[in-house]
Amino acid sequence: MDVFKFLFLLSSCIFVSTENTHVQEQLFLSSLGLSSRPRASIHGPVPSVLWNMYKQAEKKRVHASDACTVPEYGVRGNIVRYVMDQGRVIAGSSNGCPTCVEHHLYFNMSVLEDVEQLSLAQLEIKFKQDSFPASRTDLTFNMHVYRVLRSALKGMAHESSRRLLISQSVQVTPGTIRFNLTDLAESWRRKGKNYGMVMALQATRFSNELDQVSDVEISYQGHVEMPQLMASLVVVSLNPQQCRSRKKRSAYYLPVTPSNVCKPRRLYIDFKDVGWQDWIIAPQGYVANYCHGECPFPLSESLNGTNHAILQTLVHSFDPKGTPQPCCVPIKLSPISMLYYDNNDNVVLRHYEDMVVDECGCR
């Protein structure tokens with residue numbers, strides 16, 4: 001349990017009792033933007049782009065870089081989420097397109113905190129390659145994406161509650177189809193404004209002879225067959241409270257010589273020890289370190305003491321019972337990046353400040 005206490009206090013002078021560890025856990029989770037410990041019900045695959053971004057972030061830890069820019073998307077941000085679609089296939093066909101198959105797409109934007117500034121929301125669509133006959137290379141699909149303006153009443157025409165956003169032809173290929181929906185996603189953050197979108201797919205056959213297209217109905221046992229798709233919304237946001245300019249630092253090695261003087265001590269945090277391995281994807285643990293040691297009189301320059309701490313040690317030398325020594329505390333900390341599942345089973349890559357103790361001082 002001592003490891004758990006060090007994770008939250010980072011070697012302050014306060015000792016936390018066992019019964020308060022739950023409170024400390026809640027405070028720490030809150031600082032991560034989580035209302036409670038995630039209980040991921042579906043451990044879906046981690047998008048390869050997030051793995052690559054995580055690895056790049058780890059490489060940049062010892063170099064000068066802007067911690068609040070996501071170069072992969074060219075926007076400001078320190079949080080990247082893959083928000084999963086919570087919609088469904090709409091039963092029945094639209095009056096305006098009887099040969100279309102419609103999907104209701106819904107992305108929960110309430111996962112963003114109020115303080116976060118939305119930088120990018122990109123819709124990504126992939127077709128499942130094993131869900132459609134590979135022999136149907138003569139087919140392409142008309143894709144229409146509509147914004148849902150309001151809930152349609154029973155018997156009411158759907159067209160009156162929709163507004164066309166995107167219309168284009170696509171083919172069932174291994175690639176990803178991407179659309180920028182930042183402005184729309186920003187409007188979804190307002191209460192009562194997120195009704196999602198509708199994506200309509202209509203199969204079309206190319207005619208090589210006439211170089212024309214014609215609508216077709218691909219049926220199997222009386223049902224319209226369409227390729228299955230997977231939709232997600234890549235959301236990049238900036239939490240300005242967790243964003244500071246990062247100064248270049250060299251690799252820091254803790255001294256191995258025994259000493260009672262205030263200095264950083266090695267502490268490795270294994271997330272299994274605190275029961276977080278079920279929702280943290282990477283890292284499995286990290287070197288957090290902690291500060292420990294005395295602040296003796298006279299304070300040397302290497303102890304990074306403040307003027308107040310210098311005077312306090314002076315008074316302590318005359319009155320050790322009435323005046324305590326200054327505390328050995330972190331004075332320089334560095335960030336780490338974490339890849340994890342949030343409370344909605346979304347995969348999140350997030351940059352966190354003040355997670356590793358680099359230097360200690362007397363305060």
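Just after helix α2, Gly-33 takes a positive phi of about 85°. Helices (H or I, at least four residues) and strands (E, at least two) are DSSP runs, numbered from the N terminus. The model is predicted: local features need pLDDT of at least 70, side-chain atom pairs count only at pLDDT 80 or more, and totals for chains, interfaces and linings use all residues. Residues are numbered from 1 along each chain as its sequence is written, and side-chain values use heavy atoms, with hydrogens and water left out.

**Helix α2**
- Thr-21, Gln-24, Glu-25, Phe-28 and Leu-29 of α2 (residues 21-31) are buried, where buried means under 20% relative accessible area, exposed over 50% and partly exposed in between (1.4 Å probe, protein chains only).
- Viewed down the axis of α2, the buried residues fall within an arc of 135°, so they line one face of the helix; the arc is that of the directions from the helix axis to the C-beta atoms.
- His-22 and Leu-27, on the other side of α2, are exposed.

**Aromatic pairs**
- Five aromatic pairs are found in a search of the whole structure. Rings of Phe, Tyr and Trp (its six-membered ring) pair if their centres lie within 6.5 Å; planes under 30 degrees apart count as stacked, over 60 as edge-to-face and the rest as tilted.
- Trp-51 and Tyr-54 form an edge-to-face pair, because their ring centres are 6.3 Å apart and their planes stand at 80°.
- Both Trp-51 and Tyr-54 lie in helix α3 (residues 48-59), three residues apart, about one turn of the helix.
- Trp-51 is partly exposed at 30% relative accessibility, whereas Tyr-54 is buried at 9%.
- The rings of Trp-279 and Tyr-340 have centres 5.6 Å apart and planes at 90°, so this pair is edge-to-face.
- Trp-279 lies in the loop between β16 (268-270) and β17 (280-282) and Tyr-340 in strand β20 (residues 328-341), so the pair ties together parts that are 61 residues apart in sequence.
- Trp-279 and Tyr-340 are both buried.
- Phe-271, Trp-276, Trp-279, Tyr-286 and Tyr-340 are linked into a cluster by ring pairs.

**Charge over a ring**
- Arg-162 lies over the face of Tyr-146, 5.8 Å from the ring centre. The criterion is NZ of Lys or CZ of Arg within 6 Å of the ring centre and within 35 degrees of the ring normal.

**Ile-281**
- Ile-281, in strand β17, is buried with a relative accessible area of 19%.
- Ile-281 and Leu-339 are 58 residues apart in sequence, and their C-alpha atoms are 5.3 Å apart.
- Not counting residues up to four places away in sequence, Ile-281 touches Val-46, Trp-51, Leu-339, Tyr-340, Tyr-341 and Val-347; contact means heavy atoms within 4.5 Å.

**Nonpolar cores**
- The largest nonpolar core has 30 residues, and those with the most contacts inside it are Phe-107, Leu-123, Met-143, Met-197 and Leu-233. Such a core is a set of buried Ala, Val, Leu, Ile, Met, Phe, Trp, Tyr and Cys residues joined through side-chain atoms within 4.5 Å.
- Elements giving two or more residues to this core include β6 (117-127), β7 (139-148) and α4 (182-188).
- β6 gives the largest share of this core, five residues.
- Apart from this core lies another, of 22 residues, among them Phe-28, Leu-29, Ile-336 and Met-338.

**Ser-259**
- Ser-259 is found in the loop between β14 and β15 (263-265) and is partly exposed, with a relative accessible area of 28%.
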